[in-house]
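Subject: Structure handover

Hello,

Here is the structure you asked for. Please open it alongside this email and follow along.

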Amino acid sequence: MNSKPYVREVSKTTWFLSHPRYKRYMAREVTCIFIFAYTFLLIWGLGALANGPEAFSGFVESLRSPLGVLFSLAVLVVTVYHSLSWFIVTPQAMPIQRGEEFVPGNIIVNAHYGAWAVVSLIILFWGM
Amino acid sequence: MAKSNKPIFWGLFAAGGTVTAFVTPALALITLFAAFGAGMDMFTYESIHAFAAWWLGKLIIFGVILVSLWHAAHRLRVTVHDFGVRADKQVAIVVYSLAGLGTLLTLIYLLRIW
């Protein structure tokens, strides 16, 4: 028996750079930082709402600052990527069987895109 | 068979992923609209306040924030590990404490809006 087993060197910090699939996995993972931060932005806005109209306009003023715009824009881009990557795997995550056959993946994915569009429009029109 | 509470937590985690996938981009679009002042009558203090004062509005706001927060917190814990930080216990304490604090603040703020 070999007393010195082969150990493959894997970097703990840069391992995901070695394969495109790992990079995509990591890109998807990193989106959670933005979602986490954005949820706290919503909580901040909710606090401003509870503190009255003046506090709320102060909150909107912060959203208007260059940093606020940049943050909202970054969250938009990153969460759209997160949503797309989420919906694309739904046929694997929850395959639907009809009789002997499985429902084709693209139908499931497109149904999610459709529902996503409807939900987004409802949210956007609610405030009009 | 041994009982496990894992399915409940995984269910909530999946709910968080689904909610963030469906809802967060539209919400980011709203804050972006607010930033550019597009449609000055959209998302005024009065309309958002009225929504948050309504019991169902409160429930929706609380539900969306709750599952987004805990879903992202759990994923953040895994992401930190993926970046090579091997201090899971400390990381877990930090991210779950932040999520707990966020949940508490959300409850307090919602209860103050009538």
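Helix α4 of chain B covers residues 88-112, 25 residues in total. From its first C-alpha to its last it reaches 36 Å. That is close to the 36 Å expected at 1.5 Å a residue. (The expected span of a helix is 1.5 Å times one less than its number of residues. Helices are DSSP runs of H or I with at least four residues, strands are runs of E with at least two, and both are numbered from the N terminus.)

Two notes on the source. This is a predicted model, in which local features need pLDDT of at least 70, side-chain atom pairs count only at pLDDT 80 or more, and totals for chains, interfaces and linings use all residues. Residues are numbered from 1 along each chain as its sequence is written, while chains are lettered from A and ligands numbered from 1 in the order in which they are written.

Back to α4(B). Which of its residues are buried? They are V95(B), A99(B), G102(B), T106(B), Y109(B) and L110(B). (Buried means that 20 or more other C-beta atoms lie within 10 Å of the residue's own; exposed means 12 or fewer; partly exposed is in between; C-beta atoms are placed from the backbone.) These buried residues pack against α1 (20-50) of chain A, and against α2 (45-53) and α3 (55-82) of chain B.

**α1(A) with α4(B)**

Two packed helices are described by the angle between their axes and the distance between the axes. For α1(A) and α4(B), the angle is about 25° and the axes are 9 Å apart. (Axes are lines fitted to C-alpha atoms, for helices over the stretch in contact, and angles run from 0 to 180 degrees between N-to-C directions.) The two helices are therefore roughly parallel to each other. (Angles under 35 degrees count as roughly parallel, over 145 as roughly antiparallel, 65 to 115 as roughly perpendicular and the rest as oblique.) α1(A) passes α4(B) in a left-handed crossing. (Left-handed means the near helix is turned anticlockwise from the far one by less than a right angle; clockwise is right-handed.)

From α1(A), the contact uses T39(A), F40(A), I43(A), L46(A), G47(A) and A50(A). From α4(B), it uses G102(B), L105(B), T106(B), Y109(B) and R112(B). (Two residues are in contact if their C-beta atoms, placed from the backbone, lie within 7 Å.) By class, this contact has six nonpolar, four polar and one charged residues. (Ala, Val, Leu, Ile, Met, Phe, Trp, Tyr, Cys and Pro count as nonpolar, Asp, Glu, Lys and Arg as charged, and the others, Gly among them, as polar.)

**Chain A with chain B**

The contact takes 42 residues from chain A and 42 residues from chain B. On the side of chain A that touches chain B, α1, α2 (53-64), α3 (66-88) and α5 (105-126) each supply at least two residues. The largest share, 16 residues, comes from α1(A). That side of chain A divides into 29 nonpolar, 10 polar and three charged residues.

**α3(A) with α1(B)**

The axes of α3(A) and α1(B) come within 8 Å and cross at roughly 155°. These helices are therefore roughly antiparallel to each other. Their crossing is left-handed. Residues in the contact include S72(A), L76(A) and W86(A) of α3(A), and T20(B), P25(B) and L29(B) of α1(B). The contact has 13 nonpolar, nine polar and no charged residues.

**Inside chain A**

The axes of α1(A) and α3(A) come within 9 Å and cross at roughly 130°. The pair is therefore oblique. This crossing is left-handed. Among the residues in the contact are R28(A) and F34(A) of α1(A), with V78(A) and H82(A) of α3(A).

Why does the length of α1(A) agree with expectation? Its 31 residues should span 45 Å at 1.5 Å a residue, and its end C-alpha atoms are 46 Å apart. Just after α1(A), G52(A) takes a positive phi of about 110°.

**One residue to look at**

E29(A) lies in helix α1 of chain A. Is E29(A) buried or partly exposed? It is partly exposed, with 19 other C-beta atoms within 10 Å. Leaving aside neighbours within four places in sequence, E29(A) is in contact with R75(B), V78(B), T79(B) and D82(B). E29(A) and H82(A) are 53 residues apart in sequence, and their C-alpha atoms are 8.7 Å apart in space.

Best wishes
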